Amino acid sequence: MALLEIRNLSTYYGNIQALRGISFEVEKGETVAIIGNNGAGKTTTVNTISGLLKPRDGEVRFMGERIDHLRPDQIVRLGISHSPEGRKVFPQMTVRENLLMGAYIKTDRKAIDRSMEYVLTLFPRLKERYHQLSETLSGGEQQMLAIGRALMSEPKLLILDEPSLGLAPLIIRQIFELVRVIQEQGITILLIEQNARQALKVAHCGIVMETGRIAFVQEARELLHNDMVRKAYLGEKYQKEAIHL
Ligand code: ATP
């Protein structure tokens, strides 16, 4: 049984159908990257999984149980945590307070301390900034904080929506290295990225979305060598043209 199973999922914004009956699975321990252009439906997919949006049709199953009728906090309790697009850290709260918000489902002090230690070891930069207001952090640090906050609930499945968005190349590399470390610790990851090449390099499996549908699902390694994907999502055609100029 897959850790996460999506079956014929359709989600609407009013009359606009953003997901057109998508299906895919994520196996335990796997990193799955969802790539695709703006508006393809990537964020809608993960927001539906984490309960922020309700599907009109279809099912989301986590560890075999249907979760598509549950509230977001119930879904976090089951073990799905979401670092949203745009980071959404609480700017007027300190790093410590933001991280504690990520542990809101926990009441056991010791468990919270254990998660805090784990996150601060993973992100030493957050330890240095522990008592600083989050609005004073750089973009990369805020991204680390958003991921750290999501890890505070000790998720089985971590959803990362565009972790590299708006960051400098050096910082993007650091973020992807962290994704690799989290992955090596056995956490299953669903990763949304515009930065398709980097995402496919860390992922086991890649899902290509186009206008609310899944165009194809393949091993990430194969997608990196798929001509259509290279032209459409990895920008290779443009690089080659630039060389001819
Ligand atoms: P992006 O990288 O731009 O976030 P995406 O692949 O994540 O792209 P979604 O944000 O899931 O795409 O959007 C899917 C479709 O749903 C798009 O056509 C978008 O315009 C539409 N959409 C998204 N959010 C809303 C909303 N709040 N109200 C109406 N339509 C929306």
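Two strands pair if DSSP finds at least two bridges between them. Strands (E, at least two residues) and helices (H or I, at least four) are DSSP runs, numbered from the N terminus. By that rule, strand E11 (residues 205–210) and strand E12 (residues 213–219) are joined by six bridges and run antiparallel.

This is a predicted model, in which local features need pLDDT of at least 70, side-chain atom pairs count only at pLDDT 80 or more, and totals for chains, interfaces and linings use all residues. Residues are numbered from 1 along each chain as its sequence is written, and side-chain values use heavy atoms, with hydrogens and water left out.

## The E11–E12 hairpin and what follows

Two residues lie between the strands, and Thr211 takes a positive phi near 35° in the hairpin.

Ala220 belongs to helix H9 (residues 220–224). Its relative accessibility is 0%, so Ala220 counts as buried. Buried means under 20% relative accessible area, exposed over 50%, and partly exposed in between (1.4 Å probe, protein chains only). Ala220 is in contact (heavy atoms within 4.5 Å) with several residues. Leaving aside neighbours within four places in sequence, these are Leu200, Ala203, His204, Cys205 and Gly206. From Ala220 to Ala199 the C-alpha distance is 8.6 Å, and the two are 21 residues apart in sequence.

## The ligand shell

Around the ligand there are 13 residues, and Gly39, Gly41, Lys42, Thr43 and Thr44 come nearest. A residue is near a molecule if one of its heavy atoms lies within 4 Å of it. The shell divides into three nonpolar, seven polar and three charged residues. Here Ala, Val, Leu, Ile, Met, Phe, Trp, Tyr, Cys and Pro count as nonpolar, Asp, Glu, Lys and Arg as charged, and the others, Gly among them, as polar.

Polar contacts are pairs of N or O atoms within 3.5 Å; within protein, one must be able to donate a hydrogen and the other to accept it, and residues adjacent in sequence count only if both atoms are side-chain atoms.

| Residue | Protein atom | Distance to a ligand oxygen |
|---|---|---|
| Gly39 | polar backbone atom | 2.8 Å |
| Lys42 | side-chain N or O atom | 2.8 Å |
| Thr44 | side-chain N or O atom | 2.4 Å |

On its own, the ligand has 620 Å² of accessible area, and the protein covers 61% of this. Such areas come from the Shrake-Rupley method with a 1.4 Å probe; for residues, only the protein chains shown count as cover.

## Helix H1

Which element gives the most to the shell around the ligand? Helix H1 (residues 42–49) does, with three residues. Seven of the eight residues of H1 are buried, so the helix is largely enclosed by the rest of the structure. The buried residues are Lys42, Thr44, Thr45, Val46, Asn47, Thr48 and Ile49. Gly51 follows H1 and has a positive phi, near 85°.

## The four-stranded sheet

Four strands form an open sheet in the order E4-E1-E6-E7, with antiparallel pairing. Strand E4 (22–26) and strand E7 (65–66) stand at the edges with a single partner strand each, so one side of each has no neighbour in the sheet. Strand E6 (residues 57–62) and E7 run antiparallel and are joined by two bridges. Phe62 stands opposite Glu65 in E7.

Met63 sits in the loop between E6 and E7. Met63 is not a glycine, yet its phi is positive, about 50°. At 35% relative accessibility, Met63 counts as partly exposed.

Ser10 lies in strand E1 (residues 4–10). Its relative accessibility is 7%, so Ser10 counts as buried. The C-alpha atoms of Ser10 and Asp57 are separated by 5.1 Å, although these residues are 47 apart along the chain. Not counting residues up to four places away in sequence, Ser10 touches Gln17, Leu19, Arg20, Gly21, Pro55, Arg56 and Asp57.

## The loop between E9 and H7

Glu162 is placed in the loop between strand E9 (157–161) and helix H7 (169–184). Is Glu162 buried or exposed? At 3% relative accessibility, Glu162 counts as buried. Its phi is positive, near 55°, in a residue other than glycine.

Ser164 is also in the loop between E9 and H7. Ser164 is buried, with a relative accessible area of 6%. Beyond its neighbours within four places in sequence, Ser164 is in contact with Ile172, Phe176, Glu193 and Asn195.
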